[in-house]
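Visitor: Hello! I am new to protein structures and would like to learn how to read one. Could we look at one together?

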Amino acid sequence: VTPRQLLDRDTFSKSDPVCVLYTQRPGSHQWREFGRTEVIDNSLNPDFLHKFVLDYCFEERQNLRFDLYDVDSKSPDLSKHDFLGQAFCTLGEIVGSAGSRLEKPLTGIPGKKCGTIILVAEELGNCRDVATLQFSANKLDKKDFFGKSDPFMVFYRSNEDGTFTICHKTEVVRNTLNPVWAAFAIPVRALCNGDHDRAIKVEVYDWDRDGSHDFIGEFTTSYRELARGQSHFNVYEVVNPRKKMKKYLNSGTVTLLSFAVEAEHTFLDYIRGGTQLNFTVAIDFTASNGNPSQPTSLHYLSPFQLNAYSLALRAVGDIIQDYDSDKMFPALGFGAKVPPDGHVSHEFPLNGDASNPACHGIAGVLEAYQCSLRRVQLYGPTNFAPVVNHVARSAATVLDGSQYFVLLIITDGVISDMAQTKEAIVNAAKLPMSIIIVGVGQAEFDAMVELDGDDIRISSRGKVAERDIVQFVPFRDYMSGGPGAGLSMSGLAREVLAEIPNQLLSYMKARGIKPPPIPPMSPETPP
């Protein structure tokens, strides 16, 4: 936190500023004090050393308020000190800004310029390394009466209290005493909790169909030893303690064939590196929504409250907009007869401009949606494929990781072009895009659950989608109505957006795209 050009409230010297951070619980409007910086004496341009460590959730709107005071006494009571101004923002706004650096004017004292505040966010690197290991074994004990053994290994990390926690199981290699297991990747945290000298215990078993696997033997090592890679240090005798007789040597050996480690990139590495999220909205204008002039319609525009379409759009859009620097959002409709000639369209621009369907901000999208309702005739059928392909065409032009596309489809139901939509999604899974479907109304949403692909990955004509890119959420699960509606909307946004960071990472990883190196954090040098 770096304020600049603060007000001077002291007569004989400069102000002695402190910054107080307030946060809100999700869905609550109450500000709670989160923490304070140190006080810096006699400075209108203080460089606070104290850093605030916050948990970051992409899928939540995390409101922050920074208040500055000129400290006049030892009292912890803020009302005893002079107020110097304040700034409001969200954590998403800071991390979504170029280089995760946000500069805002300080306000709150009428008629006075209060200076500015510079906020820089940095992700804590809590051991993001991932190790890739491969092992083989030699001359393991024969445990099966008829064939050879079917060996597999189980890895345990040791805990502070001397107990062990399982952290990896290899696959079973059938019928051999000299298995070569497949290489596997594991976060270094999982293997040793970041402590390179902590013991790692490995047990070797012979697999049995009935689950009563036979113990062959065990050995211990540590991350530091494994990190030496393939060498005579990394050949281990597999010992069964129950067999330690005079003639017993071991029950075979295990050899480390290869070891590699690389840092796992996070969602924020890409956002800080400049990846923009492009947000497109597609709204269902089919007749099954009901006549918009009737209060029973899902599209009814009441002067008193937002309808389900507007609420869902706001809940998701308010969070995503922090990651899109131009705040221009293409907005499409499908399933209506459109002017001038009344033909049925499945990808018409809500703002009426086919050459540029982008609206300014979420407010602009809501406005265009309300104008469209008065201009088009609700019709059918409910076809998703055209809007999916519309966004896919844009995504196909930027495959370098600088942009990632998120399509929000809000619909009341039963899809008419399932086969075409599946094909469109399978093709889109190769592209930098994700699809969010929010189902409004009381229809059966079975088909949407199938598109979601959480349980069974979606396929079309025998081709399986290479990534899971669809997230479906029924709006009614979050419709509490009444005063708590805001809370349920933050729940809807959480549910809908929770998968986006990992979907973005899965695309970058599949394409081998690494985030650009990040310059060291400094409030003074804008990126």
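Predicted model: local features only at pLDDT ≥ 70, side-chain atom pairs only at ≥ 80, totals over all residues.

Visitor: What is the phi of Ser-100?

Guide: Start with the general idea: most residues other than glycine have a negative phi. Ser-100 is not a glycine, yet its phi is positive, about 55 degrees.

Visitor: Is Ser-100 buried or exposed?

Guide: Buried means under 20% relative accessible area. Ser-100 has 1% relative accessibility, so it counts as buried.

Visitor: Which loop holds Lys-139, and what is its phi?

Guide: Lys-139 is found in the loop between strand 8 and strand 9 (151–158). Its phi is near 55 degrees, again a positive value in a residue other than glycine.

Visitor: And is Lys-139 buried or exposed?

Guide: Here the cut-off to know is that exposed means over 50%. Lys-139 has 66% relative accessibility, so it counts as exposed.

Visitor: Now the peptide bonds. Which form does the bond from Pro-339 to Pro-340 take, cis or trans?

Guide: In general, most peptide bonds are trans. The bond from Pro-339 to Pro-340 is cis, with omega near 0 degrees. You can find Pro-340 in the loop between strand 18 (336–338) and strand 19 (343–345). The bond from Gly-380 to Pro-381 is cis too, with omega near -5 degrees, and Pro-381 lies in the loop between strand 22 (377–378) and helix 7.

Visitor: How do I study a residue through its contacts? Take Thr-37: which residues is it in contact with?

Guide: First find its place, which is the loop between strand 3 (31–36) and strand 4. Then set aside the neighbours within four places in sequence; Thr-37 is in contact with Val-18, Cys-19, Phe-48, His-50 and Phe-52. With a relative accessible area of 7%, Thr-37 is buried.

Visitor: What about Asn-45: where does it lie, and what does it touch?

Guide: Asn-45 is also in the loop between strand 3 and strand 4. Not counting residues up to four places away in sequence, it touches Pro-3, Arg-4 and Gln-5. Its relative accessibility is 38%, so Asn-45 counts as partly exposed.

Visitor: How far apart are Asn-45 and Ile-117, in sequence and in space?

Guide: They are 72 residues apart in sequence and 9.7 Å apart in space, going from C-alpha to C-alpha.

Visitor: Can we read a whole helix this way? Which residues of helix 8 are buried?

Guide: Helix 8 spans residues 418–428, and its buried residues are Met-418, Thr-421, Lys-422, Ala-424, Ile-425, Val-426 and Ala-428. Among the elements covering them are helix 7 (385–395), strand 24 (433–439) and helix 9 (446–452).

Visitor: Stepping back, which domains make up the chain?

Guide: The chain is divided into domain 1 (2–120), domain 2 (129–263) and domain 3 (276–400 + 409–511). Between the C-alpha centres of domain 2 and domain 3 there are 48 Å. Separately, the unreviewed UniProt entry lists residues 1–106 and 113–236 under "domain: C2". The span 1–106 is 6% helix and 37% strand, and its end C-alpha atoms lie 13 Å apart.

Visitor: How many cavities of 30 Å³ or more does the structure hold?

Guide: It holds 1, and the largest cavity has about 60 Å³ of space. Its lining includes Tyr-56, Arg-61, Leu-91 and Tyr-323. By class, the lining residues divide into 6 nonpolar, 3 polar and 3 charged.

Visitor: Why does this largest cavity lie between domain 1 and domain 3?

Guide: Because domain 1 and domain 3 both give residues to its lining.

Terms used: Residues numbered from 1 in each chain as written. Heavy atoms only, no water. UniProt positions renumbered as here; feature names shortened; annotations may be inferred. Helix = DSSP H or I, 4+ residues; strand = E, 2+ residues; numbered from the N terminus. Buried < 20%, exposed > 50% of the residue type's maximum accessible area, 1.4 Å probe, protein only. Contact = heavy atoms within 4.5 Å. Domains from an automatic or database assignment. 1 Å grid on protein atoms, 1.4 Å probe; cavity = no way out; pocket = protein on both sides within 12 Å on 5 of 7 lines; lining within 4 Å. Points joined across faces, edges and corners; volume = space filled by probe spheres on them. Nonpolar A, V, L, I, M, F, W, Y, C, P; charged D, E, K, R; others polar.
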